[in-house]
Amino acid sequence: MSSDQENCYLCKEYLRDAVSIPCGHIFCSICLKTYWDHADHTGSYQCPECRVTYNKRPTPRRIGGSRHSTIQRNSESFPPPPPSPDYNYAGPQDVGCDICIGRKQKAIKTCLMCLASYCERHLKPHFESATFKRHKLVDEIGHLDRQICPQHQKGLELFCRTDQMCICVLCTVKEHKGHDMVSAEQERAEEQQRLGATQAEIQEKIHDRLKQMEELKQAVDTLKNSAQRALQECEKTFGDMIRSIERLQQEMAKLITSNKRAALNNAEGHLERLNHEIADLKRRDNEITQLSRTEDHIHFIQSYHMLIAQTEAEELPTVSVNPYFTFGPVTKAVSEMKQHLNEFSNDELVKVAKTVNKMTFCQLDESKKRRSVKSDEAAMYKSVPVQEPQYREDFLRYNRPGRSSRGHRVSHQV
């Protein structure tokens, strides 16, 4: 923006307390503030000159240049600033006055006879002149070309029920001759009644849907609480089962340890007895060796009969060892217990899964469902069919890691 700008785009007067905005345009501070104050309710702020839109109200930057300072100093001798400018200019989303030249004001009414929209100033003739007394004014509407017959360039005043389209008076002469035609006002009145009935039906559906939504929300809360209680009870029950198995493990360990200790004590007793017997026999063997070497015949004969009599009178018990003694039966019994427990638990889980999967939380009542504009949205409410495990082998697949997503889904539902 040139620094030689002298007049404000809004008030068309000399710039007073000039400020600039990010797009570079310059305005009077009071003019820009008043302009944007009117836009506060929309939350969208436009540059009055180039129409650049800002989502957040920019902070204007004061212009301190010598040119504007000079203008500001000179303005002290000028009369008071004019009143705030008219900010009723038509924006991109507004309907502009068809009579305004240059920058258009916002239209406040549309004449269906003139097929034009007027601002407050240019609408006055319709109220003051008798010429326009029969003209029909409505709130401003855009796209007035839709109000004109494309073939005859006349205003659309009638409705052809045969062809279901709006037509002008000239259309009745040829194109729609002999058709069932009524005035647009009459057709509007009848359709307004049907529209009211449709609106009542829609409001009833809204009420019904809100009621269903509230019931579904309550059911979801109940479902969450039920699932939480079930998780807690299952965790407690399985915890008790784990502790029972741990106690059983401890009892098995005690059984094995006590039997091992008894067998070892028995074996140690026999070992000690065998050691004594071996020592006694070694002693006798030594005595026989010494006796066989003696030269005293009388001593030999007396000692011989004593040793022979003692040996013949003593019978040593035989210690036999069971070569088949082992704790294998305990291991086998524990293994069988594990197998029985796995089979029982898997069978029970299959039963529970079938029971739970058969229960439907919510579904559409197909007998009452009506075809709607967004019928494809109904698919969102359809229950997903659950493929239940039928056999033990099927269920066991879901307990193994690295299976398919189908197995994971059933496990999650259980």
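1. Leaving aside neighbours within four places in sequence, threonine 110 is in contact (heavy atoms within 4.5 Å) with Ala116, Ser117, Lys136, Leu137, Val138, Asp139, Glu140, Ile141 and Leu144. With one of these residues, serine 117, threonine 110 forms a side-chain polar contact of 2.8 Å. A polar contact is a pair of N or O atoms within 3.5 Å; within protein, one must be able to donate a hydrogen and the other to accept it, and residues adjacent in sequence count only if both atoms are side-chain atoms.

2. This is a predicted model, in which local features need pLDDT of at least 70 and side-chain atom pairs count only at pLDDT 80 or more, while totals for chains, interfaces and linings use all residues. Residues are numbered from 1 along each chain as its sequence is written, and side-chain values use heavy atoms, with hydrogens and water left out.

3. Threonine 110 belongs to strand 6, residues 109-111; strands are DSSP runs (E, at least two residues), numbered from the N terminus. Threonine 110 counts as buried because its relative accessibility is 0%, where buried means under 20% relative accessible area, exposed over 50%, and partly exposed in between (1.4 Å probe, protein chains only).

4. Leucine 10, in the segment before strand 1 (18-20), is also buried, at 5% relative accessibility. Leucine 10 and phenylalanine 27 are 17 residues apart in sequence, and their C-alpha atoms are 7.2 Å apart in space.

5. Most residues other than glycine have a negative phi. Aspartate 17, however, has a positive phi, near 55 degrees, and arginine 51 has one near 70 degrees. Arginine 51 is in the loop between strand 3 (45-46) and strand 4 (53-54).

Key: Helices (H or I, at least four residues) and strands (E, at least two) are DSSP runs, numbered from the N terminus.
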